[in-house]
Structures are given as structure tokens and as C-alpha cells.
Amino acid sequence: MKRKRLRSLPRPKVGKIVSDLLSGGRNKVRGKMTDVLLALIPALGVATYFFGPRVLILAIMSMAASAFFEALYCNIVRRRQTWRDGSAMVTGLLLAMTLPASAPYWMVLLGDAFAILVVKNLYGGLGKNFLNPALAGRVFLFSFPVLMSRWTAAMQWPGLGSTADAVTSATPMAAMRAGALPTVTIRELLVGQRGGALGETAALMLLAGGLYLLLRKDIRLRIPASFLGTVAVLSLIWNKGNDPVQWMLYSLLTGGLLLGALFMATDPVTSPVTPGGQWLYGVGCGVMTVFLRNCGAWREGVGFAILFMNLCVWLLDKAARPGKGKGEIRLMDDGGEGARLDE
């Protein structure tokens, strides 16, 4: 009997189908991007309250710069303008949310340029980039480690111009890296009254934004559930001699974990398309986050973990695809209609 061979499906083809299914045209892209921007408004508002109006300037500047760089690239390569779909502005806002309130304006522009021009558009634009542009832009800005680690204390607003006199404070992650529980309370972590990046302070607002995206069916539960669940389980085990439950709670509520799990790891372009691949992806992000937080040179490991798993997406989808005899993967869109990827 002649044995039927199963053909592998190249990742670029999968990426195109995912982009088509999840976007469904420019209007639907714009709608999904609008949902993400709306979901981030509560956390942005709390950050503005605790760190001052400079937060809004950074956010608006980053979104405008990202849209400008998107339009500039399209003009240079004579491609249809895509900045109106809102994806560039989402990248700009997410990048701003990963920065300290004291970040210089020029650094924001530099990060936006790298994220939009290099990470996103050099690989073909929305639907073809294999790394999360906002996270890649943030990692690029680690070239300036001193500026990236000047965390403004809550209610100590930095100036709109120079931030040389800004009052800084250590983040809860600094204490945890030293093996101790932070001095801030769980309540302060929930409401955002502590030092840190703009988008990692108000846990309640991030959870509310993530719930909104889930209800709008813009994201699936598999990735954030497996990501956060893995971090929770490993933190209970790897607690550095502290109370396991308290250590787990602080591990979930500090750093950029909630922002990463709800808004960045769930990016449909740079995450797996198969259900099994999404579970594996979330678990991998969680394992890498805990490992890097405890063993890496940088105190926070969420961004590096997500970028590392972005590189493994094709492998995870291949491992999770149906085996011999099933013959197809069915990808479902929000309306219940799907596309078959015949193997």
C-alpha cells in the first residue's frame, strides 16, 4: 500500500491565513485595534494620576510617532497606506506603557522607529512580522539601561521637560530579586500606587482591560490562562523561602506580567494559531518568565520570555497540528466560520 505523505505548511502561509481570518478587512482591523486602545485607557488613566500629565504626553507622542513612521515607510516603498488601521498606534501605546514616566521624549521616538520601521514593516507589515513590535522596541531601548531603570515614585510627578530632579524609587521586582517580599501591599499593587513602568502598576485596570478584550472576543483565554497559571504554579514552588501564597500573589501582580499576558502575548500575528500551540506557548512564556526573573541579568523577564516564544511559534503550531488521519487544522474566526489548512 502506498503511504500518503503529510506535507508541512510553511509559517508564512499560516501567517497570511491568520491575518485574513483575524482581521477580515481594514474595517475589522480598525475595530480590533480600537478595542485594544479602549482596553488600555483605564491603566493609562491610573498611571496619569500617579505619575502626572507627562504620562499622557509620552503616550500620545508614541502613538503619533508610530503612525508617522508607518506612513513614512509606506510612502518610501510606494505601498498602500496602512496607518489608518490603528495597528501602529496600538504598538506606540504599548511601547509607551512599558517605559518609566521619566523616559526622555527622544527615546520614545527611537523605540517607535525601531518597532515600526524594522520589526514590523521590513518583514512585510501587519500579519507578517514574527516578533511583537512593541516588545522588540522596548528591548532595543535597553541600550540605555540607566534611563530604562529610573522608576518614578508614585505621586512624585516628573517635570514635563527635564526629569533630572525626578524622585525615583525601587520597584517591587527589585526586592523580589533579592529574595524578599516587597514592602508595598497587595492593595497598593492592585490600584497602582508604586513605582514601575506606566503599564505595569494598576493590576485591577489591566485585568478589567483584559476582561473587555475577552468579552469582545478579541483575544482567547488559552494564552493568558496558561501563561499566568504557569507563573503561579512555579512561584508556589520557587518561593525563595518566603510564604508560598504571598510570593505567588506578588509574582503575579508585580512587573509587566499582566500587561504582557493580556495585551502582548495574545497578539494574533506573533502567537500560535492552533489551540494546542496556544496552550504550549502560554506555558513556555510562564516558564521562561520565572526562569529569567530568578536567573537573568535583568530583574524582569516577561518581555524577553514573550519574544523568545515568538520565535518558537512555527514549531509549536507544527507540534500541535493534527496527526496522520486527521488531515486538517480548522481555524475559527469570531463569527464561527473557519478555514481549512489541508496537510
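# Exercises on a predicted model

C74 has a relative accessibility of 1%, so this cysteine counts as buried. The structure you see is a predicted model. Work through the tasks below with it open.

## Exercise 1: Cysteines

**Task.** Find out how many disulfides a search of the whole structure gives. Then decide whether C312 is buried or exposed.

**Solution.** 
- Step 1. Recall what to look for: a disulfide is a covalent bond between the sulfur atoms of two cysteines.
- Step 2. Search the whole structure. The count of disulfides is zero.
- Step 3. Check C312. The cut-off for a disulfide is 2.5 Å between the sulfur atoms.
- Step 4. Turn to accessibility. C312 has a relative accessibility of 19%. Buried means under 20%, so C312 counts as buried.

## Exercise 2: Confidence

**Task.** Which element of the protein has the lowest confidence, and which has the highest? Which stretches stay under 50?

**Solution.** 
- Step 1. Start with the whole protein. Its mean pLDDT is 84, and 84% of its residues reach 70 or more.
- Step 2. Compare elements. Strand β2, residues 338–342, is lowest with a mean of 38. Helix α10 is highest, at 96.
- Step 3. Look at residues 1–23. Their pLDDT stays under 50, and the model gives them 42 contacts beyond four places in sequence.
- Step 4. Look at residues 324–343. Here too the pLDDT is below 50, with 46 contacts in the model beyond near neighbours in sequence.

## Exercise 3: Helix α11

**Task.** Which residues of α11 are buried, and which helices do they pack against?

**Solution.** 
- Step 1. Locate the helix. α11 covers residues 244–253.
- Step 2. List its buried residues: W247, M248, Y250, S251, L252 and L253.
- Step 3. Find the partners. The buried residues pack against α7 (172–177), α8 (186–191), α9 (203–215), α10 (222–237), α12 (257–264) and α13 (275–295).

## Exercise 4: A nonpolar patch

**Task.** Which residues form the nonpolar patch on the surface? Which helix gives the most to the patch?

**Solution.** 
- Step 1. Name the members: V233, L236, I237, W238, V245, L249 and F291. Together they have about 640 Å² of accessible area.
- Step 2. α10 and α11 each supply at least two residues. α10 gives the most, with three.
- Step 3. Classify W238. Its relative accessible area is 36%, so W238 is partly exposed.

## Exercise 5: T91

**Task.** Is T91 buried or exposed, and which residues is T91 in contact with?

**Solution.** 
- Step 1. Locate T91. Helix α4 contains this residue.
- Step 2. Read its accessibility. At 9%, T91 counts as buried.
- Step 3. Leave aside neighbours within four places in sequence. T91 is then in contact with S66, A115, I116, P133 and A134.

How values were computed
Residues numbered from 1 in each chain as written. Predicted model: local features only at pLDDT ≥ 70, side-chain atom pairs only at ≥ 80, totals over all residues. Heavy atoms only, no water. Buried < 20%, exposed > 50% of the residue type's maximum accessible area, 1.4 Å probe, protein only. Helix = DSSP H or I, 4+ residues; strand = E, 2+ residues; numbered from the N terminus. Contact = heavy atoms within 4.5 Å. pLDDT = per-residue confidence, 0-100. Patch = residues over 30% accessible without salt bridge, like charges linked within 9 Å, V, L, I, M, F, W, Y side chains within 5 Å. Areas by Shrake-Rupley, 256 points an atom, 1.4 Å probe, with all protein chains shown as cover. Salt bridge = Lys/Arg side-chain N within 4 Å of Asp/Glu carboxyl O.
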